[in-house]
Amino acid sequence: MNLIDHLRTEARLAPESGISALANRGRGRPGVIPLWVGEGDLSTPAFIADAATHALQGGETFYTWQRGIPELREALARYYGRHFGRAFAAGEFLVTGGGMQAIQLALQATAGAGDEVIYLAPAWPNFPGAAGVAGAKPVPVSLDFGDNGRSWGWSCDVGRIEKAVTPRTRAIFFNSPSNPTGWTADRDTLKTVLDLARRHNLWIIADEIYALFHYGAGRAASFLDIMEPDDRILFVNTFSKNWAMTGWRIGWLTVHPSLQQTFENLIQYSTSGVAQFMQRGAVAALDEGDGFIAEQVERAQKARDLVCGILAETGRAHFAVPPGAFYLFFSVDGVTDSREAAFRILDEANVGLAPGSAFDGEGFFRLCFHRRLDQIEEAARRLAEWVGRL
């Protein structure tokens, strides 16, 4: 018997990321345009890095508040007050080791062995993967993709979510704006999902990390707009996307104040908190970074329009122009095996995409367009040429 056979089944069956497989093959390749992972091409702004450096040099290297330093939790309250139009208390926030840990903590608190958690597909694979490792069963409910006569689009049938509810269901993971599709729920859809969760006594794990990457008027709709204080909603979030801090691995949870001690305990028995000097950088991001976010959203929208225009000209690429996030999820006539095709595109066009099969979206590709316009234009033209050779 091999050593691996002695591990927990959930650990042994944890799937390899279909995104990482492409990145591992193409990383460092000369001339490759890497659009496979969900991050932009800018490094962390100096006003954030300098705040962290100053704190590090000042000796802020000791154990600290497991819920997060008071200054950061207060900064989160100010940030939400500005963007969500009501007062928040510092006691609603806990700092985590990235958005991924926030998701893991939310799962630990709501679902375990034998339980089920519903999520919308196509989906970022880390959520169902984390649910499976926790011992819960991830249950996908598919978004619809189709042509309404004017354009292609994604839509959510909430009735389909309700049909997936069983006596074992404990939570709904709801990501809007969506990674990978860019689909964004409107207020009415959120209200219908919340009513469903109330009827069935379910938790909602709300992933709204792209709320400000919204190409309509202002931010995307949020459960925060419609919920009551005692609704069973846990919000997971990260500093990675808005402030170009993907490598920092710092995020947060928004929870009812009565849940703070429980989640502090879960943090205690996992990471025991986030480095204090990193939290100083996060304070600067929240208090000084609104202008940076606005610039990134404007830049991403231009990149989105550019890549959509070039791929549309092929006549063989099908997609919905994403109203949120910074991904294009598209299919190509004649492609059925997205993993095999993604490796071909990497080798033949030197463009790195993530295969749709990694997202419960076989036949599609995910392209992260949050990069310089010249790179996005070059990548789109290489892809158009590749499509033209099929």
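1. In this predicted model, the side chains of strand β15 are divided between two directions: F364, R366 and C368 point one way, whereas F365 and L367 point the other way, and all of them are buried. Buried here stands for under 20% relative accessible area. Because five of the five residues of β15 (residues 364-368) are buried, the strand is largely enclosed by the rest of the structure.

2. Strand β15 belongs to an open sheet of four strands, which follow one another in the order β11-β12-β15-β14 with antiparallel pairing. The strands at the edges are β11 (317-319) and β14 (354-355), and each has a single partner strand, so one side of each is left without a neighbour in the sheet.

3. How many bridges join β12 to β15? There are five, and the two strands run antiparallel. On the β15 side of this pairing, F365 is the bridge partner of F330.

4. Strand β15 also pairs with β14 in the antiparallel sense, here over two bridges.

5. Which residue of β12 stands opposite A317? That position is taken by V332.

Note on methods:
Residues are numbered from 1 along each chain as its sequence is written. This is a predicted model: local features need pLDDT of at least 70, side-chain atom pairs count only at pLDDT 80 or more; totals for chains, interfaces and linings use all residues. Side-chain values use heavy atoms; hydrogens and water are left out. Two strands pair if DSSP finds at least two bridges between them. Buried means under 20% relative accessible area, exposed over 50%, partly exposed in between (1.4 Å probe, protein chains only).
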